[in-house]
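Q: Hi! I'm new to this one, could you walk me through it?
A: Happy to, let's have a look together.

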Amino acid sequence: MRFPNPVRLLILCVGALLARVGLVDRQHVRSTTDLSWPRVVTGLARMSKNAADVAMVGVILGEAAIGGVGLASPFWGLAFSIGGGMAAGTIALVSQGHGAEDYDQFGQAIRSSVLVVLALTLPLAAVLFFFPTDLLGLLAADPATVTYGADYLRILAFGVPFAGLNLVGSRIYIGADDAYTPMLVRGGGAVSNIALNALFIFALGMGVTGAALGTVLANVLGTTAFAVGLARGRLPFCDPLPAAVSLRGRYFDRETATDIVRIGTPVVGRNGVWTVARIPLLAIVASFGTTVLAAYTVARRIYALMNTPGWGFGLASSSLVGQNLGRGDEAGAEAVAKDVILFSIGTYLVASAIVAAFAHPIADLFIGPDATPGTVPTTTAFVYVCCIAVLAQAVKGAAAGPLDAAGDTRVPFYSQLVGMFGFALPLAALGAYTDLGLAGLYLSLVAETFVPAAINYWWFSTGIWKERSREFRPGTPAND
């Protein structure tokens, strides 16, 4: 039996208010809520895990450990950039195959996605395992911060392939109109991760190594669960897939793998732009000192928690739009996409207002009692800025959803590129090397989201993505 939860209720209430004033269609609210709330719960669980990592090591080891974990984050994030990008190809092909009831394509897309992700993540894992100190030494000069980060990253390397496969597994179910199963698997993995971290960090005294080990084991468990569910056609207490997937079938199919890479590569670039740009960005932040680096790291974790509605709305839009496109209903695809964007904006406004109201107590929770004076006020200020910056994510992610479903993933990549390298990094550098100071970091956070949000929405409004989708629909020749 599925029990109601406050996350679903909150999302549904926001949508109901928008529907009452005539801004969105009530049926779109219902279908979007059903698909999005499990993803939001998953996001909350997983981002809470990331926040718990920082809080636990911060309480035990102090600001240097927080900074070390923060410096390691973009390198670990490369696994999600690759896995999430290829999973965009997965959800596009799976959702359109599901909408057209073409289950041969459904299974082949899944197996080919697994092969592509493994081919891309295994080399990355090797680099992170053998060269963590060299990588982090490029970002910070403080030996303690680099040592903590390298110890953390070396263990995380073992989890890189599993993190990528986890993302593919969740997109398979969402593309098949089931966001509940991924919520149970990935949300449960995040909860077990927090429990394992507490055991390794506090009970066994393993510090940052324990935090990394808990993350790896949780990702292994999640990948195993998805594999069992695909092979059997369902997991206990979950809805069945439309068809079981043979794990012994053919993995390499040139046409399918090409489509996955073609759709996914711009998404890898889009995600990778943010992840890769964080490397020089964190180097700039580290130049302000350990206190600012720790405050920035904590605020980023809070920002990620506020951004969890985007996990649901973007993927719900991709699934619903993809299914409409698979049926050839382009008008229906555009209508649902517009409603999801409005729905997303309303939900982000609520989330941002709640966090802003409790910004100081939240900062206090992460910073240990022996922290340098001024760390809590600095963290609080960053949290306030994040409450503003995250509002643009409502449009950025929800407008990218229909583009992803259509296979038109290049513009969101370009928008992220312009936002990060054209605005966010230059503004942060101005803060570090001019009298602009911390204001440069504040402006960088805002520009990082508002610039790509404006570009994504402009491209969505042109409608060209609907034409591009025809190239990837089931039964359409590759050279059409």
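Predicted model: local features only at pLDDT ≥ 70, side-chain atom pairs only at ≥ 80, totals over all residues.

Q: Thanks! At what angle do H2 and H11 pack?
A: Helix H2, residues 26-61, and helix H11, residues 290-306, pack at about 170°, and their axes are 9 Å apart. H2 and H11 are therefore roughly antiparallel to each other.

Q: And is their crossing left-handed or right-handed?
A: H2 and H11 cross in a left-handed way.

Q: Which residues meet there?
A: From H2 you have Leu 44, Met 47, Ser 48, Asn 50, Ala 51 and Val 54. On the H11 side they meet Thr 297, Val 298, Arg 301, Ala 304 and Leu 305. By kind, the contact of H2 with H11 has seven nonpolar residues, three polar and one charged.

Q: Tell me about Arg 301. Buried or exposed?
A: Arg 301, in helix H11, counts as buried because its relative accessibility is 10%, and the cut-off for buried is under 20%.

Q: What does Arg 301 touch?
A: Leaving out residues up to four places away in sequence, Arg 301 touches Asn 50, Ala 51, Val 54, Val 69 and Ser 73. With Ser 73, the side chain of Arg 301 makes a polar contact of 2.9 Å.

Q: Switching topic: where is Ala 353?
A: Ala 353 is in helix H13, which covers residues 330-357. At 48% relative accessibility, Ala 353 counts as partly exposed.

Q: How far apart are Ala 353 and Cys 387?
A: In sequence, Ala 353 and Cys 387 are 34 residues apart; in space, their C-alpha atoms are 7.5 Å apart.

Key. Residues numbered from 1 in each chain as written. Heavy atoms only, no water. Axes fitted to C-alpha atoms, helices over the stretch in contact; angles between N-to-C directions. Helix = DSSP H or I, 4+ residues; strand = E, 2+ residues; numbered from the N terminus. Parallel < 35°, antiparallel > 145°, perpendicular 65-115°, else oblique. Left-handed = near helix turned anticlockwise from the far one by under 90°. Contact = heavy atoms within 4.5 Å. Nonpolar A, V, L, I, M, F, W, Y, C, P; charged D, E, K, R; others polar. Buried < 20%, exposed > 50% of the residue type's maximum accessible area, 1.4 Å probe, protein only. Polar contact = N/O pair within 3.5 Å; in protein donor to acceptor, adjacent residues only side chain to side chain.
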